[in-house]
Amino acid sequence: MLSLSPSFARLLVAAALVRYAAAATDYLIVGGGTAGEIPTITSALSTSNDATGLVLAERLTEDPKVSVLVIEAGGDGLGKFVFYAPPASSQMLTILSSVDISDISRVGAAWGTDIDWQFPTEPLYYANNRQLAPSPRGKVLGLVQLSDLLSSDVYERGDAIEYDLWETLGNPGWNFKSLIAASKKGEQFYAPGASDNIDYVLSDHGTTGLLPTSYGGVAPEFHNTIIEGVVNAGGVKSMDQAGGVVTGIAHVTNARLPANNTRSTSATGYYFPYSHRPNLKVTLHSTVTKIIWKSIPRVTSGQAIASGVEYVDASGATKTANASNVVLSGGTWGTPPILERSGVGNATFLSSLGIRSVVDLPGVGENLNEQPLVAMQWQLNSSLPCPGSPFLLNANGYAVEPLETMLGAGNLDKLESLLNAVPEGLSTALWDLHKKLYEKSAPWIEGYIYLASPPDGPSTLTWYPVNLHPLSRGSVHIVSKNGLEYPKIQYNFFQNPVDLYIMAAGAQRVQEIIATKPISDYIVAPVAPAAGVTSIEDLSEYIKAQAGYTNHIIGTALLAPRAHGGVVDPHLKVYGTKNVYVVDASVIPLQPSAHTQATVYALAEHAAELLKY
């Protein structure tokens, strides 16, 4: 492969970047993340959920007659990252720097920097009114959340049950069959070696796509101890969770190129190798503030027609760009504010801010759904070998279980009484989906397993119970017409009591597994929560005091019928408009039992096919 010098690589990328676009383009994509959204820098447990823009841009410009302009608020990342083009391309792009964030050991290296949006959020009203630290979100080309480059690169799919319920909600063509096909199309899977101690099913993966995935190296031997303990405690072992059956414990795939152990992103896979295309242009350091309308309907049954967008460039100047179609890929937090400032949202709310209503769409900014987690940690009685410590950065361990396995028969009556109570802030249609998840024994609690082996002391085992399907819903809304002002974000963790109960029961399940041989042979003492914190009541208090976010945020521009609070139709077109689309994690109607990265890539690939025709 041809290796490019850093200076020549910069020229290659610079040639494809434009600072202003006066002429109309076929598709204007707002956001240069994986699927065209704001990238994120999330916690060690998060994955990309805003990864659509560049995927969409690459797929659409495969047709030389189709022109695409991507407007990205951040920079290209050159000089702050090491990017590699996939080996299937004709050249390898290598850009060296002093801050190598594609290094998988540099988790969180860019948090709090100029490439982190640092979104503030509202206090957790239902969790002791706690104030969480600003949520890290990547402000750079090619990242979904900065989790792509700066954090966990886990690449795992959800369960077939969950994806099929997207269609049940009223979205024809959005199901496991279509999404697994789209996911495989984008994946370039590298199978582990025979000595890597990892089970997998090759047919569950794609092998000819643009995004390299792998298991990231040899699994630590202690992982077999964890698997045996889960099975002994009544769980099951899974060969591979990528094929639509997620229940069980298994190694999971990473978005990683094994040849040099670097992260794969939408920039490395979908943009840099194709940045020379004359029909693909990118504008950097430019924040889109609103959509410009060519035509606004006089009656509610009409359709608004966009002519382009307004944006603020690096100098602070306000400019416009024209397009035949506008695609918002700003992410779960970035897309709703653009819609609201453009007059698309709850008309009464917009009127209170002095914004003229273009489309009265109350679902905009509502239905924010996030998977809460809590850390539980134990000290081990020896320093265990963990290549590339921590364990997260090698072969990750997940134990995913349905509620009946996790709770046991004795607790199901309590669960069902909570689950059947009319939930606040959740539509009847979405409530019905959650009840179907339970009836179908869908995965509900994930145990994220993190083994750390510090050089100066014994190992620690951290196990994070994650509520995969919380019923609580939050929101994201603008606070003014100012396009550069942060929106108001409310998670609403534990608004619904069933979420806290499930988390506490999940924590009890983890304690049960830890007390099971052979895992128990390695345990010295609990670190957190303290010994004796074992009841549902005590664990609930611990969770309210310690729970955090995974940055798996979805739902604020819901893919659903308008009557169910939907914002976009099955072609991802915004209701009440003729040529405005949303392609990012904000449209996802139901959480996958997984990190969101693989689902967002699948969403982008499927969306590209829809927009081509």
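Contact here means heavy atoms within 4.5 Å. Keep that cut-off in mind for the predicted model above.

The chain averages a pLDDT of 84, and 82% of the residues score at least 70. Two stretches call for care. Residues 1–22 have a pLDDT below 50, with 51 contacts in the model beyond near neighbours in sequence. Residues 34–49 also fall below 50, and this stretch has 156 such contacts. Where pLDDT is low, the predicted coordinates should not be read in detail.

**A histidine in a loop**

His-469 sits in the loop between strand 21 (460–467) and strand 22 (475–477). Is His-469 buried or exposed? Its relative accessible area is 0%. Buried means under 20%, so His-469 counts as buried.

Which residues touch His-469, leaving aside its neighbours within four places in sequence? They are Glu-162, His-434, Leu-437, Pro-443, Trp-444, Asp-499 and Gln-591. Glu-162 also makes a polar contact of 2.9 Å, side chain to side chain, with His-469. Pro-443 takes part through its backbone: its oxygen lies 3.3 Å from a polar atom of the His-469 side chain.

**Two helix pairs**

Two packed helices are described by the angle between their axes and the distance between the axes. Here are two pairs.

| Helix pair | Angle between axes | Distance between axes |
|---|---|---|
| Helix 5 and helix 15 | roughly 95° | within 8 Å |
| Helix 13 and helix 14 | about 110° | 9 Å |

Start with helix 5 (residues 176–186) and helix 15 (residues 597–612). Their angle makes them roughly perpendicular to each other. Helix 5 brings Ser-178, Leu-179, Ala-182, Ser-183, Lys-185 and Gly-186 to the contact. Helix 15 brings Ala-598, Ala-602, Leu-603, Glu-605, His-606 and Glu-609. The residues of this contact divide into 5 nonpolar, 4 polar and 3 charged.

Now take helix 13 and helix 14. They too are roughly perpendicular to each other. Residues of helix 13 in the contact include Leu-500, Tyr-501, Met-503 and Ala-504. They meet a set in helix 14: Ile-536, Leu-539, Ser-540, Ile-543 and Lys-544. The residues of this contact divide into 9 nonpolar, 3 polar and 1 charged.

**What covers helix 14**

Which residues of helix 14 (residues 536–546) are buried? They are Ile-536, Leu-539, Ser-540, Tyr-542, Ile-543 and Lys-544. Their cover includes helix 13 (497–514) and strand 24 (523–528).

Methods: Residues numbered from 1 in each chain as written. Predicted model: local features only at pLDDT ≥ 70, side-chain atom pairs only at ≥ 80, totals over all residues. Heavy atoms only, no water. Axes fitted to C-alpha atoms, helices over the stretch in contact; angles between N-to-C directions. Helix = DSSP H or I, 4+ residues; strand = E, 2+ residues; numbered from the N terminus. Parallel < 35°, antiparallel > 145°, perpendicular 65-115°, else oblique. Nonpolar A, V, L, I, M, F, W, Y, C, P; charged D, E, K, R; others polar. pLDDT = per-residue confidence, 0-100. Buried < 20%, exposed > 50% of the residue type's maximum accessible area, 1.4 Å probe, protein only. Polar contact = N/O pair within 3.5 Å; in protein donor to acceptor, adjacent residues only side chain to side chain.
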